[in-house]
Amino acid sequence: MIPSIIIFFLVAIACLSGSLVIIPEPYQGLVERLGKYHRTLDPGVNFIIPLLEKVVIRALMSERLLDVPPQQTITKDNVSLAVDAIVYWQIVNLRRAYYAINDIEHALENLVLTNLRGEIGRLEMSQTFSGIKEINQALLKQIDSITDSWGVKLIRVEVRDITPPKTILESLEKERAAESQRLASIIEAQGGAQSMKILAEALGIDSRSPEFIQFIIARHYLDTNEKLTASPNSKVFFMNPSVLNDTLINLLESERSGLKKIDLPPTSSPGNGSEGNPDG
């Protein structure tokens with residue numbers, strides 16, 4: 001009698017342990033009875049019928065991250081770009097996710113790559129860098145409409161890197177350097193024009209008048225003379241007096257009243273050489 005009771009209790013414990021299923025948060029489980037879907041298990045303590053039922057899958061129901069590796073794509077203007085993306089997705093219906101599609105992550109990756117190539121192919125290379133936000137939105141809309149039947153919800157799709165070939169990068173760098181040089185030249189020219197206008201107003205003459213133009217030329221001569229005489233290899237620089245008139249001289253004197261005068265060393269004429277007559 002006692003051995004039978006012990007055997008009964010052992011069988012009962014084995015059946016109870018085989019029927020007890022604990023699903024952790026935030027997972028769900030699928031139960032099949034005799035090979036057919038029966039029900040979905042929620043987080044917590046659940047019971048199944050041993051031998052007749054079994055848990056075929058436990059799946060994470062929270063948000064997941066899928067990293068799509070870099071892939072070569074071709075733009076509308078036939079430029080090859082290496083593009084990679086990340087996808088945030090979530091299972092919302094475990095039954096459909098298990099029975100409607102095999103290997104969800106692999107299917108999602110292929111779907112993202114196919115649509116990504118299509119989106120990049122509609123744009124020229126210059127548009128891809130500035131249109132990443134629009135590309136992300138288009139990918140999310142297109143892919144989410146397909147994965148809805150899988151019981152999967154796409155939360156967001158983000159294009160992470162767009163890498164052009166090395167030759168394209170070098171060309172872009174040269175183009176940016178040329179553009180920076182052009183802007184610097186424009187700013188320098190604008191500053192020069194503004195300074196000329198202020199100088200003309202200070203002298204009380206029209207900046208477009210011939211006298212002011214001659215004044216600028218003469219001023220340039222004087223500035224050049226200063227730079228030449230300040231260099232280690234001193235040079236003598238002469239200004240043609242014919243380019244000056246009384247009005248221009250007055251302008252120069254008033255504008256350059258503080259200019260330091262440069263004393264040039266006297267030059268000896270050929271007739272006053274140091275050689276004397278030889279003694280007879």
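Predicted model: local features only at pLDDT ≥ 70, side-chain atom pairs only at ≥ 80, totals over all residues.
The buried residues of helix H5 are Ile135, Asn136, Ala138, Leu139, Ile143, Asp144 and Thr147. Buried here means under 20% relative accessible area, exposed means over 50%, and partly exposed lies in between, with a 1.4 Å probe and protein chains only. Those buried residues of H5 pack against helix H3 (104-121), helix H4 (125-130) and strand E8 (152-163). Helix H5 itself covers residues 132-147, 16 residues in total, and its first and last C-alpha atoms are 22 Å apart, close to the 22 Å expected at 1.5 Å a residue. That expected span is 1.5 Å times one less than the number of residues.

Residues are numbered from 1 along each chain as its sequence is written, and side-chain values use heavy atoms, with hydrogens and water left out.

Let me turn to the protein as a whole. It has 8 helices and 8 strands; these are DSSP runs numbered from the N terminus, with helices (H or I) of at least four residues and strands (E) of at least two. Of its 280 residues, 26% count as buried.

Next, please look at strand E7, residues 80-91, where Ile91 is found. Ile91 counts as buried because its relative accessibility is 5%. Leaving aside neighbours within four places in sequence, Ile91 is in contact (heavy atoms within 4.5 Å) with several residues, including Leu60, Met61 and Ile104.

Strand E7 also holds Asp84. Is Asp84 buried or exposed? Asp84 is buried, because its relative accessible area is 7%. A polar atom of its side chain lies 3.0 Å from the backbone nitrogen of Asp161. Not counting residues up to four places away in sequence, Asp84 touches Val68, Pro69, Pro70, Glu158, Val159, Arg160 and Asp161.

Finally, I come to Leu20, whose place is in strand E1. Leu20 counts as partly exposed, because its relative accessibility is 37%.

Terms used: Polar contact = N/O pair within 3.5 Å; in protein donor to acceptor, adjacent residues only side chain to side chain.
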